[in-house]
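This report describes parts of one structure, moving from helices to strands and then to aromatic rings. Please keep the sequence and the model in view while reading.

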Amino acid sequence: MSVQTQDTSHFCKDPQIQEVKTDLLIIGGGMAACGAAYEARKWAPANMKITLVDKAAMERSGAVAQGLSAINTYLSENTPEDYVKMVSNDLMGIVRDDLIYDVGRHVDDTVHKFEEWGLPIWKDHSTEGVPLEKGGKPVRTGKWQIMINGESYKTIVAEAAKASLGMDNIYERVFIVKLILDEKEENRIAGAIGFSTRENKIYIFRANAVIMACGGAVNIFRPRQSTAEGMGRAWYPIWNAGSTYTMAAQVGAELTMMENRFVPARFKDGAGPVGAWFLLFKAKAMNALGEDYSVRNKDLLQAYLPYGNSKVTPTCLRNHQQLKEMREGRGPIYMDTPTAMKNLFESYGNDKKKCKELESEAWEDFLDMCVGQAGFWAGMNIAPEETRSELVPTEPYLLGSHSGCCGIWVSGPEDIAPAEWQWGYNRMTTVKGLFTAGDGVGASGHKFSSGSHVEGRIAAKNAVRFALDNKDFVSTITKDSKELANEIYLPFINYENNKGYSTDPDVNPHYIKPKMLMFRLNKLMDEYGGGCGTNYVTNKHMLETAFSLLDMLKEDAQKMAAKDLHELLRCWENYHRIWTAEIHLRHIYFREESRYPGFYYRADYDLIDDANWKCFVNSRYDAKANQWSVFKKAHKDLIPK
């Protein structure tokens with residue numbers, strides 16, 4: 001990144017630069033980071049300094065901060081082996097069994113902690129008031145999901161993390177934008193750098209070990225709700241900008257399965273969740289003719305055996321069935337909410353009190369998780385007990401904790417992982433001392449909130465062990481702090497040096513504002529990278545066009561301008577999105593098959609080719625050579641499928 005001389009007239013002309021030394025640095029404030037904070041303090045000796053840095057405020061940070069009405073990963077009577085089989089099937093066979101099994105065998109303990117900390121969990125009437133850990137039976141909406149009163153879910157989990165670390169060790173509203181490698185020891189993490197989103201202040205953190213858990217990536221693609229009032233509305237939280245993947249890649253960490261993306265089917269125009277309607281209320285989706293299109297298209301799954309031959313159809317193939325209906329003129333697709341509510345009411349003998357409770361719960365699901373959907377229904381005169389509501393697949397998201405598995409290649413548990421999948425510390429990346437969890441861990445999905453939290457705990461325990469094993473390490477960072485500050489503040493410099501060239505600060509021949517640059521990224525990814533605008537279809541030539549447009553965008557990104565700290569944050573989120581977008585495209589380009597029909601289609605390789613491509617696709621960026629390498633890595637099943 002080119003650096004200009006800083007304009008002395010800017011209100012941030014001389015940022016205060018604060019250096020913080022710590023033993024373990026946790027980056028992020030979501031469920032994985034909260035799990036890491038709680039667990040690290042438990043295992044660390046009293047004199048070990050643990051520091052957490054969050055771009056937001058912890059109680060409102062991460063995906064769960066949007067609200068959640070269920071915990072989607074709780075095993076109870078199920079086995080870790082069953083859990084591995086479910087995740088493998090849903091992700092079309094290419095996953096790390098060792099990582100998934102590791103989450104499965106520990107996740108119930110973390111759910112029990114949530115209840116102990118005060119999270120209300122629905123119980124069967126026969127065990128009402130009995131904690132899960134003592135034999136309480138949760139109200140299940142599926143084999144893996146349990147219902148909660150989740151209005152304060154994230155706040156409860158964040159409070160436990162804060163209590164463990166103490167607020168003196170937590171920096172909120174500080175955006176970490178770059179990791180720093182040690183200048184003496186090859187491939188060794190040394191710290192990170194970021195800026196305050198509230199003060200004219202830059203932070204340099206020196207650390208022995210780092211856990212990076214900054215979530216997945218949103219607004220890479222043009223949102224489906226992208227006009228007027230709904231512009232930018234998304235299902236996944238918009239503050240997740242691919243920082244985890246970008247910062248890891250920039251320091252040379254190996255990534256895996258970055259071609260994978262998640263395209264959830266959600267209520268149209270509001271992106272409201274459908275899980276409770278399918279699982280709790282037993283609603284069915286139908287085409288415009290009133291047909292159950294999953295039955296109509298049952299034979300479609302035969303082309304994807306063995307993945308289509310399951311009691312539970314993989315998420316991408318359910319999308320594939322829905323998209324076929326829409327292409328062939330049998331759309332729109334609807335959720336039959338009236339029939340579901342009617343059947344439920346009848347099952348309770350039309351008990352008016354119980355029916356009112358159920359109706360209230362139908363609305364509360366959206367107030368918990370997506371209040372915008374409730375507002376949309378009200379604005380469109382839709383009462384779900386009377387009127388069907390449209391479903392559509394959203395734009396793609398990149399994540400590793402929901403029905404997706406892109407992320408970073410990490411070392412597995414020593415008692416399960418084969419030798420080639422472990423190098424000493426569980427959840428450590430290929431960069432020495434750099435750990436990750438949640439959305440950051442690749443080839444391992446369906447962790448959701450509880451799984452991400454427990455994975456943060458797993459990473460923290462091992463990061464503490466790493467820090468103790470390397471307690472004599474002293475980081476070497478000699479790069480001038482003012483030079484680092486100028487690099488971070490480049491958008492400020494661009495703005496101050498050029499703001500006089502136009503009367504409208506948002507339109508200027510010498511700079512581009514972050515909002516407009518993000519729209520350009522969204523457009524090119526949507527039209528050439530397999531977004532909803534092309535029904536998720538791309539091919540070699542479209543991808544090559546995307547690479548060309550992305551190269552121009554990267555040049556123009558050096559001219560992004562920020563008039564204040566909020567816009568500076570948006571600029572750096574865009575830098576991270578651009579890197580993540582490129583990684584995603586490189587992986588799709590390399591994998592010559594359509595492994596996830598319904599999530600994306602390579603029109604020139606519209607098949608699943610297990611003979612040649614049942615393998616991990618990994619990549620690594622060499623900063624010294626400014627060069628990417630993308631390559632295959634052998635897959636193996638550790639749990640019989």
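## Helix H14 and its cover

The buried residues of helix H14 are covered by parts that include helix H13 (481–488) and helix H17; contact here means heavy atoms within 4.5 Å. Helices (H or I, at least four residues) and strands (E, at least two) are DSSP runs, numbered from the N terminus. The model is predicted: local features need pLDDT of at least 70, side-chain atom pairs count only at pLDDT 80 or more, and totals for chains, interfaces and linings use all residues. Residues are numbered from 1 along each chain as its sequence is written, and side-chain values use heavy atoms, with hydrogens and water left out.

H14 spans residues 490–498, and eight of its nine residues are buried, so the helix is largely enclosed by the rest of the structure. Buried means under 20% relative accessible area, exposed means over 50%, and partly exposed lies in between (1.4 Å probe, protein chains only). The buried residues of H14 are Leu-490, Pro-491, Phe-492, Ile-493, Asn-494, Tyr-495, Glu-496 and Asn-498.

## Helix H5 against helix H17

Helix H5 (residues 243–250) packs with helix H17 (residues 565–590) at an angle of about 80°, and their axes are 8 Å apart. That makes H5 roughly perpendicular to H17. Angles under 35 degrees count as roughly parallel, over 145 as roughly antiparallel, 65 to 115 as roughly perpendicular and the rest as oblique. Axes are lines fitted to C-alpha atoms, for helices over the stretch in contact, and angles run from 0 to 180 degrees between N-to-C directions.

On the H5 side, the contact is made by Ser-243, Tyr-245, Thr-246, Met-247, Ala-249 and Gln-250; on the H17 side, by His-576, Trp-579, Thr-580 and Ile-583. These residues divide into five nonpolar, five polar and no charged. Ala, Val, Leu, Ile, Met, Phe, Trp, Tyr, Cys and Pro count as nonpolar, Asp, Glu, Lys and Arg as charged, and the others, Gly among them, as polar.

Strand E2 (residues 50–54) has five of its five residues buried, so it is largely enclosed by the rest of the structure. Ile-50, Leu-52 and Asp-54 are buried on one side, and Thr-51 and Val-53 on the other. In a regular strand the side chains alternate between the two faces of the sheet.

Two strands pair if DSSP finds at least two bridges between them. Strand E1 (residues 16–27) runs parallel to E2 and is joined to it by four bridges; Ile-27 stands opposite Val-53 in E2. E2 also pairs with strand E5 (residues 170–172) in the parallel sense, over three bridges. Here Leu-52 has Ile-170 of E5 as its bridge partner.

## Aromatic pairs

The whole structure contains 28 aromatic pairs. Rings of Phe, Tyr and Trp (its six-membered ring) pair if their centres lie within 6.5 Å; planes under 30 degrees apart count as stacked, over 60 as edge-to-face and the rest as tilted. The rings of Trp-579 and Tyr-621 have centres 5.0 Å apart and planes at 90°, so this pair is edge-to-face. Trp-579 lies in H17 and Tyr-621 in strand E18 (residues 615–622), so the pair ties together parts that are 42 residues apart in sequence.

Trp-579 is partly exposed, with a relative accessible area of 22%, whereas Tyr-621 is buried at 10%. Tyr-621 also forms a tilted pair with Trp-628, at 5.3 Å centre to centre and 45° between the planes.
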